[in-house]
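Good morning, and thank you for coming. Please take a moment to look at the sequence and the structure.

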Amino acid sequence: MEFKHISVLLNECIEGLNIKSDGIYVDGTAGGAGHSIEIAKRLTTGRLIAVDKDPTAVKIASERLAPYPAAQVVENDFSNIPDVLDELGIDKVDGILLDLGVSSHQLDTPERGFSYNYDAPLDMRMSQKGLSAYNVVNEYSAADIARILREFGEEKFASKIAQNIVKNREIKPIETTFELVDIIKASIPAAARREGGHPAKRSFQAIRIAVNSELDNLSLCLDRAFERINENGRFAIITFHSLEDRMVKQKFASFTKGCT
């Protein structure tokens, strides 16, 4: 399957990064390399480090960035940007870009188990290793599942969904996305199911965030990577839901406070 991904806010990000031809930049979520290519095009003696934790994305980004000698692709999580820079002998950079959340390619590849629109094994792992959605759904307690759905998905019916997940898995393991969707639908009142899009949207978001430690990794990246930006450098972040947005704004506000 071709790696398709429309680069969100592409022009705004490139403008926001204020790219210098001799600067050093990090794309912490390389994906299909849409943003990375536009950064690399603007570099002459500069350097681009394109990072992604998804092995498929790393392969595709490496192929697409091959024509650009300024670009280098690294398989890692963006929370480890300082470690990547240390390994490459780079002290500080002129800009960092993060495009948060799941990519369209990940959503549109059924076997990755990210989407409630395809019947597939429960997975949702961006790195394709470690804890999966299957583990969360089948092994976590009802209390922990409810907390995840409430905190990461802002799901009003978190407790009922969690209870029904536990009840169903006692009969047999919940193995596929559609099995989970059916449980979620049955847990939400009919009137609520007709509001706000697909009834499983919030739960799938929440489980995906938990599986990939997305908010923990974002917090870690903000705290650690900010220190590696040069004076007058830029940190551009695209967020897609309120939890990410809130964290980024709060962190940026704390970074701009005067010395106490």
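This is a predicted model: local features need pLDDT of at least 70, side-chain atom pairs count only at pLDDT 80 or more; totals for chains, interfaces and linings use all residues.

Residues are numbered from 1 along each chain as its sequence is written, and side-chain values use heavy atoms, with hydrogens and water left out.

Two packed helices are described by the angle between their axes and the distance between the axes. Helices here are DSSP runs of H or I with at least four residues, numbered from the N terminus. For α1 (residues 10-17) and α2 (residues 34-41), the axes come within 10 Å and cross at roughly 45 degrees. In contact, meaning heavy atoms within 4.5 Å, are L10, C13, I14 and L17 of α1 with G34, H35, E38 and I39 of α2.

The second pair is α12 (residues 214-225) and α13 (residues 242-255), whose axes come within 11 Å and cross at roughly 20 degrees. These two helices are therefore roughly parallel to each other. Among the residues making their contact are L218 and L222 of α12 and M247 and F252 of α13.

Finally, T177 is found in helix α9 (residues 177-187). T177 has a relative accessible area of 0% and is buried, a term for under 20%. A polar atom of the T177 side chain lies 2.5 Å from the backbone oxygen of Y118. Leaving aside neighbours within four places in sequence, T177 also has contacts that include G113, D119 and F204.

Methods: Axes are lines fitted to C-alpha atoms, for helices over the stretch in contact, and angles run from 0 to 180 degrees between N-to-C directions. Angles under 35 degrees count as roughly parallel, over 145 as roughly antiparallel, 65 to 115 as roughly perpendicular and the rest as oblique. Buried means under 20% relative accessible area, exposed over 50%, partly exposed in between (1.4 Å probe, protein chains only). A polar contact is a pair of N or O atoms within 3.5 Å; within protein, one must be able to donate a hydrogen and the other to accept it, and residues adjacent in sequence count only if both atoms are side-chain atoms.
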